Amino acid sequence: MSEHLGRVLILAGSDSGGGAGVQADIKTVTALGGHASTAITAITVQNTLGVTAVHSLPPELVTAQARAVLDDIGADVIKTGMLGDTAMIEAVASVIAGAGVPTVIDPVMIAKGGAVLLEPYAVQALADALIPLAALLTPNAPEAAALTGLVVESTDDLRRAGEHLLAHGASAVLMKGGHVEGERVIDILMTPVSETRFESGRIHTRHTHGTGCTLASACAVGLAQGHSLQRSVERAHAYVQEAIRRAPGFGAGHGPLDHAWPMRRSS
Ligand SMILES: Nc1ncnc2c1ncn2[C@@H]1O[C@H](COP(=O)(O)OP(=O)(O)OP(=O)(O)O)[C@@H](O)[C@H]1O
Ligand SMILES: [Mg+2]
């Protein structure tokens with residue numbers, strides 16, 4: 001059975017450790033059967049212990065990468081990750097507005113080890129310029145709090161923040177529950193007319209580097225392949241859960257997932 005080879009254009013930062021960022025995005029899109037292209041926004045010096053340096057690329061180089069891809073290869077869906085600052089947000093917003101394809105926006109702010117990946121003063125720009133362009137917005141709890149000004153500590157708080165983000169113009173939001181305390185992890189997919197919970201037992205592991213990037217890219221490739229939003233999120237959630245379970249245990253800190261698990265299902 002052949003599946004439409006969905007094209008995903010990824011605008012995000014490089015993680016030298018290969019656990020998160022552009023590397024996680026490419027692996028995810030590939031493992032789920034799509035074509036990944038990239039416009040790299042920043043280079044991070046990073047391993048499982050943290051980020052030790054960040055070099056942002058000029059916004060015009062990011063838009064040039066995106067245009068080179070869009071003008072030739074094309075994209076069915078755009079996915080954004082680390083953007084860094086206001087100038088990059090504005091450049092990326094212009095790419096999205098011009099491309100006219102659905103966009104999955106992962107509003108990345110802080111790395112797992114605590115490094116700042118979006119300047120705090122740029123949060124408002126992200127909210128104003130990008131949320132209205134999102135076919136799907138995928139905030140974790142602290143990002144939902146920063147974007148809405150609400151306290152987000154429980155699943156009910158996540159829901160309330162989701163309503164605010166929908167009112168702010170996102171077509172759909174996937175409110176991620178990884179940072180909400182409890183033995184169950186609950187993500188909530190919300191649109192103006194529906195709400196679906198994706199629930200799992202909390203996996204006790206330190207190897208969760210890049211779960212957010214991976215989830216957003218898995219959603220993006222599903223949409224690019226022509227699946228419904230519901231089905232795309234369902235498959236993405238299952239893909240991430242298994243990738244966490246099979247994490248290889250590399251590094252002394254927050255290690256990478258096993259992105260390639262669907263390719264060796266029998267092992
Ligand atoms: N310990 C865990 N057990 C099971 N699922 C988890 C766990 N941690 C995160 N997840 C799942 O991983 C996905 C990402 O959620 P999370 O809230 O951690 O995002 P994130 O903070 O953006 O991740 P990242 O730190 O990689 O950016 C969600 O689908 C969430 O349910
Ligand atoms: Mg994240």
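I began with Leu 9, which stands opposite Ile 78 in strand S4; helices (H or I, at least four residues) and strands (E, at least two) are taken as DSSP runs numbered from the N terminus. I noted that the model is predicted, that local features need pLDDT of at least 70 and side-chain atom pairs pLDDT 80 or more, and that totals for chains, interfaces and linings use all residues. Residues are numbered from 1 along each chain as its sequence is written, while chains are lettered from A and ligands numbered from 1 in the order in which they are written.

S1 and S4 (residues 77–80) run parallel and are joined by 4 bridges, where pairing requires that DSSP find at least two bridges between two strands. I then looked at strand S2 (residues 35–47), which pairs with S1 in the parallel sense over 8 bridges, and found Ser 14 opposite Ile 43 there. Between S1 and S2 the chain passes through helix H1 (residues 21–31), and this β-α-β crossover is right-handed, that is, clockwise from the first strand over the helix to the second when the strands point away from the viewer. Of the 9 residues of S1 (residues 7–15), 9 are buried; buried means 20 or more other C-beta atoms within 10 Å of the residue's own, exposed 12 or fewer, and partly exposed in between, with C-beta atoms placed from the backbone.

I looked up the largest nonpolar core and found 81 residues, with Val 8, Leu 9, Leu 11, Val 92, Cys 219 and Ala 220 having the most contacts inside it. Helix H7 (residues 211–224) gives the most to this core, with 9 residues. Such a core is a set of buried Ala, Val, Leu, Ile, Met, Phe, Trp, Tyr and Cys residues joined through C-beta atoms within 7 Å.

Leaving aside neighbours within four places in sequence, I found Val 92 in contact with Leu 11, Val 62, Thr 80 and Leu 83, contact meaning C-beta atoms, placed from the backbone, within 7 Å.

In H6 I found Thr 155, Leu 158, Ala 161, Gly 162 and Leu 165 buried. They cover an arc of only 115° around the axis, which puts them on the same side of H6; the arc is that of the directions from the helix axis to the C-beta atoms. The buried residues pack against strand S6 (136–137), helix H5 (141–148), strand S7 (173–175) and strand S8 (184–191), whereas the face turned away from them carries the exposed Asp 156 and Ala 167. After H6 comes Gly 169, whose phi is positive, near 120°.

Key
Contact = placed C-beta atoms within 7 Å.
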